[in-house]
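Have the sequence and the 3D view ready as you read.

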Amino acid sequence: MQETLPPLAPGTLYLVATPIGNLEDITLRALRTLRECDVVAAEDTRRTGQLLKHYQITKPLLSYFRFNEAKRSREIIERLERGEKVALVTDAGSPGISDPGERVVQTALAAGFRVEPVPGACALVAALTASGLPAGEFHFIGFLPHKSGQRRKKMEQLKSFAGTLVLYESPYRIGKLLAELRDLFPDRPVVLARELTKKFEEYLRGKPAELLKITSLRPRKGEFVVLIDNSRPAD
């Protein structure tokens, strides 16, 4: 274990993982990075502001989200050129994992700047480890396309992948997804992980048709991680 921690390096982009629900799920290194950086680029400055306030951290905030990635990436590069230490965060979890971040990382690396991850909470890992499904080989898809034709094509492709399939889905489309899984993966064990690390954390396990019936009878709240046991893919 490293006893003395070096100060943050000028001209470095730090990718800081933030809690996915429970505020205690933030690392000491993440807190130190947020305290010592010059600016925090955030997906939602209001949400990140609440996190910083909770830990009594005061830093300038720069909005960085999907629709202004190109402009903000240029601004972040300019800050790095001035030797600033930039922390990039999203609303929850690790930047770039089904969240903004990938573009600025590519831009920073292309410009010759150091990019350093500050790992932490991740909904994908949390759900997979507690699902009870095989974790030795898994395929992470993130969010499926919204358009029905594109979704269907993508899911048809997934039938050939061996291992556990992991998706993210919103509460508004979980019924649609389960209906699609009922048609394409009718006999596969499925786990729905909801409200991870929060007060009402829940895991629902069963076949797609069973889960569709269960979820249709209760309020659908919170983001879902959907895991499908496809360790024996269809021919």
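Is Phe143 buried, partly exposed or exposed? Phe143 is partly exposed, with a relative accessible area of 37%; buried means under 20%, exposed over 50%, and partly exposed in between, using a 1.4 Å probe and protein chains only.

This is a predicted model, in which local features need pLDDT of at least 70 and side-chain atom pairs count only at pLDDT 80 or more, while totals for chains, interfaces and linings use all residues. Residues are numbered from 1 along each chain as its sequence is written, and side-chain values use heavy atoms, leaving out hydrogens and water.

**The ring pairs**
- A search of the whole structure finds two aromatic pairs (rings of Phe, Tyr and Trp, the last by its six-membered ring, with centres within 6.5 Å; planes under 30 degrees apart are stacked, over 60 edge-to-face, the rest tilted).
- Phe140 and Tyr168 have ring centres 5.1 Å apart and planes at 70°, so this pair is edge-to-face.
- Phe140 lies in strand β6 (residues 138-143) and Tyr168 in strand β7 (residues 163-169), 28 residues apart; strands are DSSP runs (E, at least two residues), numbered from the N terminus.

**The partners and their cluster**
- Tyr168 is buried at 9% relative accessible area, and Phe140 is partly exposed at 25%.
- The rings of Phe143 and Tyr168 are also edge-to-face, because their planes stand at 65°, with centres 5.7 Å apart.
- Ring pairs join Phe140, Phe143 and Tyr168 into a cluster.

How values were computed:
Helix = DSSP H or I, 4+ residues; strand = E, 2+ residues; numbered from the N terminus.
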